[in-house]
Structures are given as C-alpha cells and as structure tokens.
Amino acid sequence: MNRGSIVRKLASNSLSTAAPEQPTQACKGEDPDLFFPVGDGARALFQAAEAKAICRGCPFQNACLEGALQRGEEFGVWGGTDERDRRAMRRVAARKSAARNAS
C-alpha cells in the first residue's frame with residue numbers, strides 16, 4: 001500500500017454524514033421520583049442531594065432553573081435547587097426589587 005492510498009483511506013473514513021450529537025438532559029432516564037423527595041428527614045435530604053448532583057452535570061441546568069422559577073415550581077429539584085433554595089432566591093430577588101423601587 002502506498003502513502004497516497006493511506007491518506008485517502010483515513011480521509012474518507014473520517015467524514016461523517018450523521019448529524020452531530022445533541023446534548024441531553026442529565027436527568028433523562030433517571031427515576032422521576034428521585035427529583036421529588038418527600039418530607040425533610042435524612043432520607044429526603046439525601047435524595048435531594050443525589051438529584052442535585054445529577055443536575056450539576058447537566059448542560060441545561062440554568063435553563064431548567066429559570067423555567068422552574070418562571071413557573072413557580074413549589075416542589076421537587078429543578079436546575080440543581082430544591083424548594084428551599086428557590087424560596088430563598090425569590091426572597092432575595094424581592095428584597096432587591098423593593099430596594100430599587102424605594103430609591
């Protein structure tokens with residue numbers, strides 16, 4: 001085999017007609033119940049921590065959180081936050097808004 005045929009073979013094998021792979025949600029394929037812990041005991045806290053860990057590896061984490069805040073999600077883990085986290089975020093945003101309006 002000469003050098004020219006090797007180059008052509010490598011070049012022809014490296015071309016792909018397939019569409020580039022699109023990112024998927026990290027939670028896809030996970031048990032949905034994992035993202036909705038019940039109660040506030042140790043087991044529920046551990047479950048929420050597991051769900052948040054999955055969210056941290058997700059390319060859609062920010063979009064998921066933004067959607068949850070816009071929809072007013074009261075329950076579950078969304079975008080790496082639980083109910084308490086989102087309530088705290090809303091309180092901070094309300095304080096900032098009130099401070100701006102007062103000035």
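This report walks through the helices, salt bridges and charged patches of a predicted model.

## Before you start

Since this is a predicted model, local features need pLDDT of at least 70 and side-chain atom pairs count only at pLDDT 80 or more, while totals for chains, interfaces and linings use all residues. Residues are numbered from 1 along each chain as its sequence is written, and side-chain values use heavy atoms, with hydrogens and water left out.

## The overall build

Let's begin with the big picture. The protein has four helices and zero strands, so its pattern along the sequence reads α-α-α-α. Here helices (H or I, at least four residues) and strands (E, at least two) are DSSP runs, numbered from the N terminus.

How much of the protein is buried? Of its 103 residues, 20% are buried. Buried means under 20% relative accessible area, exposed means over 50%, and partly exposed is in between (1.4 Å probe, protein chains only). Accessible areas come from the Shrake-Rupley method with a 1.4 Å probe; for residues, only the protein chains shown count as cover.

Now for contacts, meaning heavy atoms within 4.5 Å. Take the contacts with a separation of 6 or more: residues 24 or more positions apart account for 39% of them.

## Salt bridges

How many salt bridges does the structure hold? There are three. A salt bridge is a side-chain nitrogen of Lys or Arg within 4 Å of a carboxyl oxygen of Asp or Glu.

One of them pairs aspartate 82 with lysine 52, at 3.3 Å from N to O. Aspartate 82 sits in the loop between α3 (61-71) and α4 (83-102) and lysine 52 in helix α2, so this pair ties together parts that are 30 residues apart in sequence. Both of these residues are buried, and lysine 52 has a relative accessible area of 18%.

Lysine 52 also forms a salt bridge with aspartate 85, where the closest N and O atoms are 2.8 Å apart. Because lysine 52 lies in helix α2 and aspartate 85 in helix α4, the pair ties together parts that are 33 residues apart in sequence. Aspartate 85 is partly exposed, at 28% relative accessible area. Shared partners join Lys52, Asp82 and Asp85 into one network of salt bridges. Another salt bridge links arginine 71 and glutamate 73, with 2.9 Å between the closest N and O atoms.

## Charged patches on the surface

Patches are made of residues with over 30% relative accessible area and no salt bridge: like charges are joined within 9 Å, nonpolar side chains (Val, Leu, Ile, Met, Phe, Trp, Tyr) within 5 Å. Lys and Arg count as positive and Asp and Glu as negative, while His and the chain ends are not counted. The place of a charge is taken as NZ of Lys, CZ of Arg, CG of Asp or CD of Glu.

Which residues form the negative patch? Glu30, Asp31, Asp33 and Glu50 gather there. Glutamate 30 is found in the loop between α1 (3-14) and α2 (42-56), and at 36% relative accessibility it counts as partly exposed.

The positive patch consists of Arg84, Arg87, Arg90, Arg91 and Arg95. Arginine 91 belongs to helix α4 and is partly exposed, at 45% relative accessible area. Arginine 90 is in helix α4 and is partly exposed at 33%. Leaving aside residues up to four places away in sequence, arginine 90 touches Leu69 and Glu73. Arginine 90 and leucine 69 are 21 residues apart in sequence, with 8.2 Å from C-alpha to C-alpha.
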